[in-house]
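I opened my notebook on this one and jotted down each thing as I looked it up. Here are the entries, in the order I made them.

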Amino acid sequence: MYKLSLPTLFIYIGIVCYPLFILSCSKETVIDNLHEEYGQKFQPQYERWDSWNEAYPNADYKGAVQATEEICLKGKSIAIIGGSLSCRNEVRVLKQLIYDHMGQPNIFNYGKGGCGCATSNISFQNLISQCGIHDIYIIWCSTNDYATGVPIGEKDDYTAKDGFNINKRKTQCGGLNYCIQYLKRLNPKALIIGYTSLQFFGSNANRPDGYLENFSADNGQDISFYDYMNIQAEVFEQNNIPYLHQWNLQLFTKETYTTYYLSDGWHLSKAGYFLLGCEHLKFLSRTIKENSHD
């Protein structure tokens, strides 16, 4: 029987196992690259918007572009704080829309997958502590608070009314109030903007609580996801934060969502971000014009 010497055996094992190691690392890299790096500055790429407009005329791309007239954020910076919807690679389409049609502002990612206003381990409250000074801060509420059972709380959690009770930061309302107050102190001249959460559908639309107004899931709080979002809006309102109630856009339905969401029914595809991005352009343009005197 032929016997391998010990050095030869190590070389043989290396030759056999190295491709497996490379495949394993490549797979992990693909997974990691699903999200932009935290704190990363958006790197623009060329997009053929005429092709997007032709493929999805219901996005009202021309109307969105028209809304951006007289808006130029050249030299300004935008920070986007949120969960996975704000930082997955597919969101590049939405950010490219803002970059191309609002004067090429610098856009920074402060989003992280799995985060919400008061999610355990890490939340928006942790993310904003690493925010730089920016001209515009966008707080994009996620589905993670609702999905992980974070108590909704009351709109006055962590405000002057409760003496800024630190324990109230464990609720979604308290966490959101904390983030707003923190950003106001970080840059008093900045424009802070809010987005409510976005509908979710689940696999094969098996999560009706994510897209039906009157459907309440058994999450121990006796509150629907729609109401969860409405209270986010109330928090923005009482803080004088202009906000976009994304549920009210009604961009996605049970009948159409498969075109605009990934197969998990929670995260948007590039097409979904194109539709949503056009609505963001309209809202941002209107809000910036209304606050241009500040």
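I began with the burial scale: buried means under 20% relative accessible area, exposed over 50%, and partly exposed in between, with a 1.4 Å probe and protein chains only. On that scale I looked up N240, which is exposed with a relative accessible area of 70%.

A note on ground rules before going on. The model is predicted, with local features needing pLDDT of at least 70 and side-chain atom pairs counting only at pLDDT 80 or more, while totals for chains, interfaces and linings use all residues. Residues are numbered from 1 along each chain as its sequence is written, and side-chain values use heavy atoms, with hydrogens and water left out.

**Entry: the whole chain**

I found 10 helices and five strands; these are DSSP runs numbered from the N terminus, helices being H or I with at least four residues and strands E with at least two. Buried residues are 48% of the 294 in the chain. I then checked contacts, meaning heavy atoms within 4.5 Å. Of the contacts with a separation of 6 or more, 76% are between residues 24 or more positions apart. The accessible surface is about 14800 Å², and carbon and sulfur atoms hold 52% of that; the areas come from the Shrake-Rupley method with a 1.4 Å probe.

**Entry: positive phi**

Most residues other than glycine have a negative phi. I noted N240, not a glycine, with a positive phi of about 60°. N240 sits in the loop between α8 (225–238) and β5 (243–244). F164 is not a glycine either, and its phi is positive at about 55°. F164 belongs to the loop between α6 (144–147) and α7 (172–186).

**Entry: α7 against α8**

Two packed helices are described by the angle between their axes and the distance between the axes. Axes here are lines fitted to C-alpha atoms, for helices over the stretch in contact, and angles run from 0 to 180 degrees between N-to-C directions. I read about 30° for α7 and α8, with axes 10 Å apart. That makes α7 roughly parallel to α8, since angles under 35 degrees count as roughly parallel. From α7, Q172, C173, L176, N177 and I180 meet Y228, I231, Q232, V235, F236 and Q238 of α8. By class, this contact has seven nonpolar, four polar and no charged residues. The classes are: Ala, Val, Leu, Ile, Met, Phe, Trp, Tyr, Cys and Pro nonpolar; Asp, Glu, Lys and Arg charged; the others, Gly among them, polar.

**Entry: α4 against α10**

Next I took helix α4 (residues 92–101), whose axis comes within 7 Å of that of α10 and crosses it at roughly 40°. In α4, V93, L94, L97, I98 and H101 make the contact, and their partners in α10 include K270, Y273, F274 and H280. The residues of this contact divide into 10 nonpolar, three polar and one charged.

**Entry: two residues of α10**

What does H280 touch, not counting residues up to four places away in sequence? I listed L94, W140, Y195, L244 and Q246. H280 is in helix α10 (residues 270–290) and counts as buried at 1% relative accessibility. T287 is also found in α10, and at 2% relative accessibility T287 counts as buried. Leaving aside neighbours within four places in sequence, T287 is in contact with L191, I193 and P242.

Definitions and conventions
Parallel < 35°, antiparallel > 145°, perpendicular 65-115°, else oblique.
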